[in-house]
Amino acid sequence: MLTQIDPTSEAPPIAGSHLDPVPSWLIENIETSTICTFNKMLGETVCISPDDPGSEVHYDGVIGIISFVGDFTWSMVLGLPHPAAEPIAKKFAGFDIPFDSPDMGDVVGELVNVLAGVVCGEMEKNDLKMQMSLPTIARGADFQMSLPDNLIAHRLYFSTEKNGFWIKMIVAKQK
């Protein structure tokens, strides 16, 4: 469970970054919510990882994107690198799901949707009201995700016993 958050507090700047930081309370919420949710969904230990489970520059995998509106507007991206997508989907769904099947998009959409629901619940416990969008899914090899200049992002890496994935938070730059 998270402690009372201050929506105006900010995380320290990302090393080597010229961008404004993503608020520390949001990073803390995502860390806690992701670990608790994925531990339960996958039935294995999930922890924060210093390792990059898959380069985002020329990404090969599947992503689920969901946005939040309300007291604080932002978006969250769940990234499952190609080698991790099938094993994580199997743990979640209980049966094999090929990477290229339509079912993979459904599973990743449901994974990001479940996580978003937990995040919204934690935010509400701390008096921040938010509603989430429907998830959007993208899958492919060697694609790039880019952000407009008015947005900033912070990515967290997570690892399971055999796989890695990441969560990216995207927020508007503060004026």
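How many of the residues of strand S3 (residues 74–81) are buried? Eight of its eight residues are, so strand S3 is mostly covered, where buried stands for under 20% relative accessible area with a 1.4 Å probe and protein chains only. Before going on, please note that this is a predicted model, in which local features need pLDDT of at least 70, side-chain atom pairs count only at pLDDT 80 or more, and totals for chains, interfaces and linings use all residues. Residues are numbered from 1 along each chain as its sequence is written, and side-chain values use heavy atoms, with hydrogens and water left out.

Strands here are DSSP runs of E with at least two residues, helices are runs of H or I with at least four, and both are numbered from the N terminus. From S3, Trp-74, Met-76, Leu-78 and Leu-80 point one way, while Ser-75, Val-77, Gly-79 and Pro-81 point the other way; all are buried. Two strands pair if DSSP finds at least two bridges between them. The table shows the pairings of S3.

| Partner of S3 | Sense | Bridges | Residues standing opposite |
|---|---|---|---|
| S2 (residues 59–70) | antiparallel | eight | Ile-66 and Met-76 |
| S7 (residues 164–172) | antiparallel | six | Met-169 and Met-76 |

A hairpin through three residues joins S2 to S3.

**Helices H2 and H3**

Helix H2 (82–93) and helix H3 (102–125) pack at an angle of about 70°, with axes 10 Å apart. The axes are lines fitted to C-alpha atoms over the stretch in contact, and angles run from 0 to 180 degrees between N-to-C directions. That angle makes H2 roughly perpendicular to H3, a label that covers 65 to 115 degrees. On the H2 side, Ala-85, Glu-86, Ile-88, Ala-89, Phe-92 and Ala-93 meet Met-104, Val-107, Glu-110 and Leu-111 of H3, contact being heavy atoms within 4.5 Å. By class, this contact of H2 with H3 has eight nonpolar, no polar and two charged residues; Ala, Val, Leu, Ile, Met, Phe, Trp, Tyr, Cys and Pro count as nonpolar, Asp, Glu, Lys and Arg as charged, and the others, Gly among them, as polar.

**Phe-99 in the loop**

Phe-99 is found in the loop between H2 and H3. Phe-99 counts as buried because its relative accessibility is 4%. Leaving aside residues up to four places away in sequence, Phe-99 touches Gly-61, Val-62, His-82, Ala-85, Glu-86, Met-104 and Arg-139. Phe-99 and Pro-83 are 16 residues apart in sequence, with 9.2 Å between their C-alpha atoms.

Technical notes
Buried < 20%, exposed > 50% of the residue type's maximum accessible area, 1.4 Å probe, protein only. Parallel < 35°, antiparallel > 145°, perpendicular 65-115°, else oblique.
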